[in-house]
Amino acid sequence: MPATTVARRRRRDAGQTLPIYLVAIGGLLFLALAFFAVGQAAATRNGAQTAADAAALAAGQKYRDDLRKGFLAGLRDGTDTTDPAAWEELLNGRGVPSDAACENAGWFAGRNDAAVSSCTPDSWPTSFAVTVKTRHAVGDSVIPSTGSTHAAAVAKAVVAPRCTVAPPAGGPTARPTPTPTPTPTPGGGSHPGPAPRMLICDGKGWTLDPDRPQDLPTAADLFSVRLAR
C-alpha cells in the first residue's frame, strides 16, 4: 500500500477519534462536577443537622436552668410546703415558660449559620422539637436549582427529671436528716424548725437547705438533657 494512502487513512482515523475523546472527557468532567455538587449538598445538610442539634440542646438546657430557678425560689419562699404540688411539678420538669428556651435555640442556631423555623415545646415529657434552615444555599453547580436551595433539619431535645422527693423518714439511699436547729420563740423558749426537705437524685441524697445554696443540687443534678433520635 502506498505510503500516501496509509498517511491519509491515519489522518482520517484520528479525525474520527477526536470527537469521541472530547465527549468522554466532557462526560467525566460533568460527573466530577456532579459529585462535587453532591458533596456540597451533603456538607450543607450536615451543617443544618449540627445547627438543629445545637439549637434543640440549647433550648433544653435553658429550660432546665429556668426549672432550677423556679424550684429553688419555691424552696426559699416556702412554696414547697404551702403548695407542694406546684413545687414538685417543677421537679418533674414542668411549670416554667418556654419562650426563653426557644430564644436560646435561635441564638445557637445563628452561631451555626442557620435560623430556627419552628420551636415546639411538649410537656409530656418535656421536650423541644426544633427545625432550622441554613442561611446560605448549597451553591451554584451543574445540578439545576442548587443555587437557591437551602438545607433544613430537625432535632428534638428531652428534659428528663433525675430526682424524687425523699419520704419524711428517709430511705435506704438517703443521707441521715440533720437535727433541726431550735427556733427561738417570743416566750423565751424554743422549738425545732421544720426538717429540711430531702431529694434523691440518681441514688444520691441532697438536703435542701436554702440557707446553704452552695450545697444545693445544680441544674445538671436535677435534670438531664439529651437528644431524642
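Reader: Is Thr134 buried or exposed?

Author: Thr134 is buried, because its relative accessible area is 9%. Buried means under 20% relative accessible area, exposed means over 50%, and partly exposed is in between, with a 1.4 Å probe and protein chains only. This is a predicted model, in which local features need pLDDT of at least 70 and side-chain atom pairs count only at pLDDT 80 or more, while totals for chains, interfaces and linings use all residues. Residues are numbered from 1 along each chain as its sequence is written, and side-chain values use heavy atoms, with hydrogens and water left out.

Reader: Where does Thr134 lie?

Author: In strand β2. Strands (E, at least two residues) and helices (H or I, at least four) are DSSP runs, numbered from the N terminus.

Reader: And what is Thr134 in contact with?

Author: Leaving aside neighbours within four places in sequence, Thr134 is in contact with Thr44, Ala48, Asp113, Ala114, His150 and Ala151. Contact means heavy atoms within 4.5 Å.

Reader: Asp113 is in that list. Which helix does Asp113 follow?

Author: Asp113 follows α4, and its phi is positive, near 60 degrees.

Reader: What span should α4 have, and how far apart are its ends?

Author: Helix α4 covers residues 99–111, and at 1.5 Å a residue its 13 residues should span 18 Å. The expected span is 1.5 Å times one less than the number of residues. The end C-alpha atoms of α4 are 19 Å apart, which agrees.

Reader: Which residues of α4 are buried?

Author: Ala101, Cys102, Ala105 and Ala109. Seen down the axis of α4, the buried residues fall within an arc of 95 degrees, so they line one face of the helix. The arc is that of the directions from the helix axis to the C-beta atoms.

Reader: What about the other side of α4?

Author: There, Asp99, Glu103 and Arg111 are exposed.

Reader: Cys102 is a cysteine. What does a disulfide join it to?

Author: A disulfide joins Cys102 to Cys119, with 2.1 Å from S to S. A disulfide is a pair of cysteine sulfur atoms within 2.5 Å. The pair links distant parts of the chain: Cys102 is in helix α4 and Cys119 in strand β1 (residues 114–123), 17 residues apart.

Reader: Is that link left-handed or right-handed?

Author: Left-handed, with -75 degrees about the S-S bond of Cys102 and Cys119. Both Cys102 and Cys119 are buried.

Reader: What else is Cys119 in contact with?

Author: Apart from neighbours within four places in sequence, Cys119 is in contact with Cys102, Phe128, Ala129 and Val130. Cys119 and Ala55 are 64 residues apart in sequence, and their C-alpha atoms are 9.2 Å apart in space.

Reader: How many disulfides does the structure hold?

Author: Two. A disulfide also joins Cys163 to Cys201, with 2.0 Å from S to S. This pair links distant parts of the chain: Cys163 is in strand β4 (residues 163–165) and Cys201 in strand β7 (residues 197–201), 38 residues apart.

Reader: Why is the disulfide of Cys163 and Cys201 right-handed?

Author: Because the torsion about the S-S bond of Cys163 and Cys201 is about 110 degrees. Cys163 and Cys201 are both buried.

Reader: Changing topic. How many aromatic pairs are there?

Author: The count comes to three. Rings of Phe, Tyr and Trp (its six-membered ring) pair if their centres lie within 6.5 Å; planes under 30 degrees apart count as stacked, over 60 as edge-to-face and the rest as tilted. One of the pairs is Tyr63 and Phe128, with ring centres 5.3 Å apart and planes at 65 degrees, so this pair is edge-to-face. Tyr63 lies in helix α1 (residues 3–77) and Phe128 in strand β2 (residues 126–134), so the pair ties together parts that are 65 residues apart in sequence.

Reader: How do Phe71 and Trp87 pair?

Author: Phe71 and Trp87 are stacked, 4.7 Å centre to centre with 20 degrees between the planes. Phe71 lies in helix α1 and Trp87 in helix α3 (residues 84–91), so the pair ties together parts that are 16 residues apart in sequence. Both Phe71 and Trp87 are buried.

Reader: Last one. How many helices and strands does the protein chain come to?

Author: Five helices and nine strands. Of the 229 residues in the protein chain, 31% are buried.
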